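Dear colleague,

Please find the structure below, handed over for your own reading. My notes on what was found in it follow directly after.

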Number of protein chains: 2
Amino acid sequence: MERIEQHASFGGSQEVWRFHSDALGATARFGVYLPPAALRGDRCPVLYWLSGLTCTEQNFITKANVQAHAAQHGLIVVAPDTSPRGDGVADDPAYDLGQGAGFYVNATQAPWAPHYRMQDHVAEELPALVEARFPATDRRAVSGHSMGGHGALVTALRHPGRYRSVSAFSPIVAPSQVPWGRKALAAYLGPDPAAWAEWDAVELLKTARERLPLLVDQGEADEFLARELRPDLLEAACAATGHPLTLRRQPGYDHSYYFIASFLGEHVAHHAAALRG
Amino acid sequence: MERIEQHASFGGSQEVWRFHSDALGATARFGVYLPPAALRGDRCPVLYWLSGLTCTEQNFITKANVQAHAAQHGLIVVAPDTSPRGDGVADDPAYDLGQGAGFYVNATQAPWAPHYRMQDHVAEELPALVEARFPATDRRAVSGHSMGGHGALVTALRHPGRYRSVSAFSPIVAPSQVPWGRKALAAYLGPDPAAWAEWDAVELLKTARERLPLLVDQGEADEFLARELRPDLLEAACAATGHPLTLRRQPGYDHSYYFIASFLGEHVAHHAAALRG
């Protein structure tokens with residue numbers, strides 16, 4: 001495990017680490033922000049952030065200003081990559097499949113199965129590593145954007161009791177029903193939609209054992225809203241099962257980091273309240 | 001004049017515009033953030049931000065989180081490119097000369113003189129355009145980073161009365177005395193250092209007619225500190241002439257946008273106080 005970047009930031013330390021991931025069978029990178037409290041030796045709770053299509057660990061740590069909020073609330077923030085990487089790792093020329101587009105699933109199909117185990121990576125391997133190697137408690141929150149918003153919802157719903165809070169920006173809420181999701185799930189999990197249900201937030205809500213409240217922000221000027229994101233499906237699924245949902249439709253906002261940055265402070269405060277409570 | 005990007009951001013609008021710049025003899029882009037107050041129709045003062053080597057208008061608007069602070073204080077923020085661009089514009093393969101490295105001077109030497117008039121662009125052309133086309137007052141502040149910190153100091157010192165406040169992050173304070181500056185000024189202005197003095201903050205301070213207070217933040221872990229930035233020379237020049245200077249050496253901080261973002265809120269508050277006063 002090797003630290004490859006370190007920058008002072010809001011009194012804390014924004015770092016990037018590289019290590020051999022057993023889950024991915026590849027070298028993996030992640031960003032970690034250590035707030036001032038952690039540098040003073042306090043053990044801090046951890047917010048995991050899952051990024052969207054085409055991203056690496058860099059996008060969120062350079063564009064969202066999460067460090068200001070994490071410093072204020074005393075949270076560690078961990079930002080994984082969005083897929084396995086490397087010469088030996090299967091890929092596809094499209095931006096929405098393969099490297100940069102892992103969809104936070106454990107793939108079962110060739111050629112993806114050997115390395116594309118992003119769910120194990122983000123839900124098991126990284127928390128174990130972070131809690132062993134950084135001044136972190138086992139109190140965890142998870143959030144993300146777009147494909148990573150899907151990742152956050154699915155990861156929390158699949159692991160009752162593991163996360164104290166979950167939120168998402170512009171999430172793909174029903175990958176089984178939209179083009180991005182159907183393409184990726186068919187490739188990684190095979191053509192039978194029965195195998196997709198355990199990776200689809202709207203499907204998982206039908207049998208959720210834990211009523212973890214969902215906080216979702218969605219820009220109304222988001223170019224992917226009607227075709228890929230479909231917050232109406234999440235709203236209907238939560239209404240049908242009585243799952244607590246705060247869905248905020250933000251007029252004028254698009255799919256970009258300008259949207260994320262505008263509301264990230266409120267999400268971090270939401271997670272901090274749950275993690276400190 | 002054409003708007004090529006528009007994103008809702010902190011209740012305001014982050015935009016990028018393209019226009020034919022007479023000063024540069026080329027198509028120029030700039031970022032402009034319109035805070036909520038401007039969208040409501042209020043005329044707002046303007047903070048100009050000058051970026052460093054290799055940057056375009058994008059770096060600052062995507063990485064610094066300036067929009068949060070500008071929204072709070074009701075400031076318009078204008079972020080120009082760092083040089084003329086285009087196929088007909090002279091360039092150099094090095095990162096520190098030519099496109100991306102205009103140094104905010106008006107060049108006099110071939111092949112640079114026809115297009116490299118960044119000082120006219122940022123100090124004359126853009127303020128005239130912004131004050132005519134956006135809900136802006138003629139109250140102006142200027143700040144920047146590294147090469148752009150040099151640009152901010154020099155632009156304010158060359159134009160007494162034009163700016164209400166000036167600040168800089170990690171500025172090149174004495175380009176005549178350091179490698180980046182000597183290379184660029186020799187290329188753009190010719191080999192005689194006598195021609196460089198009017199583009200060198202430490203030299204300009206010797207004859208400054210206006211005692212505009214300087215606010216400068218400098219990271220102590222900045223890799224360019226001793227070779228290129230030399231805040232000690234600024235400190236000595238201000239001490240010699242009684243020019244008001246607040247120079248803050250920030251332990252542990254490097255030359256990156258993580259540093260800028262950490263202290264930008266304080267700079268924007270400083271400018272807002274001067275602009276609103």
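In chain B of this predicted model, B:Pro111 sits in the loop between strand S5 (76-80) and helix H4 (118-133). The peptide bond that joins B:Ala110 to B:Pro111 is cis, with an omega of about -5°. Chain A has a cis peptide bond between A:Ala110 and A:Pro111, where omega is about -5°. There, A:Pro111 belongs to the loop between strand S5 (76-80) and helix H4 (118-133) of chain A.

Two further backbone features of chain B deserve mention. Most residues other than glycine have a negative phi, and most peptide bonds are trans. B:Phe10, although not a glycine, has a positive phi of about 50°; its place is the loop between S1 and strand S2 (12-21) of chain B. B:Asn65 has a positive phi as well, near 60°, and is found in the loop between H2 and helix H3 (66-73) of chain B.

How are the two chains related?

The contact itself draws 20 residues from chain B and 20 residues from chain A. Between the two chains an area of about 1600 Å² is buried, and carbon and sulfur atoms give 52% of this. On the side of chain B, the residues that lose the most area to chain A are B:Ala8, B:Phe10 and B:Tyr258, which together account for 38% of what that side buries. How many salt bridges does the rule find across the interface of chain B and chain A? The number is zero.

I turn next to the pockets. The largest pocket has a volume of about 470 Å³ and is lined by 30 residues. Those nearest its centre are A:Lys63, A:His145, A:His255, A:Ser256 and A:Tyr257. Both chains contribute to the lining: helix H2 (58-63) and helix H10 (257-276) of chain A, and strand S1 (2-9) and helix H2 (58-63) of chain B, each supply at least two residues. H2(B) gives the most, with four residues. By class, this lining has twelve nonpolar, 15 polar and three charged residues.

The second largest pocket has a volume of about 390 Å³. It is lined by 22 residues, and the closest to its centre are B:Lys63, B:His145, B:His255, B:Ser256 and B:Tyr257. Strand S1 (2-9) and H2 of chain A, with H2 and helix H10 (257-276) of chain B, each supply at least two residues of this lining. H10(B) gives the most, with three residues. The lining divides into nine nonpolar, twelve polar and one charged.

Finally, a search of the whole structure finds one cavity of 30 Å³ or more. About 40 Å³ of space lies in this largest cavity. Its lining consists of B:Ala156, B:Leu157, B:Pro160, B:Ala208, B:Arg209, B:Glu210 and B:Leu212, that is, five nonpolar, no polar and two charged residues.

With kind regards

How values were computed
Residues numbered from 1 in each chain as written. Chains lettered and ligands numbered in written order. Predicted model: local features only at pLDDT ≥ 70, side-chain atom pairs only at ≥ 80, totals over all residues. Heavy atoms only, no water. 1 Å grid on protein atoms, 1.4 Å probe; cavity = no way out; pocket = protein on both sides within 12 Å on 5 of 7 lines; lining within 4 Å. Points joined across faces, edges and corners; volume = space filled by probe spheres on them. Nonpolar A, V, L, I, M, F, W, Y, C, P; charged D, E, K, R; others polar. Contact = heavy atoms within 4.5 Å. Buried area = accessible area lost by both parts, 1.4 Å probe. Salt bridge = Lys/Arg side-chain N within 4 Å of Asp/Glu carboxyl O.
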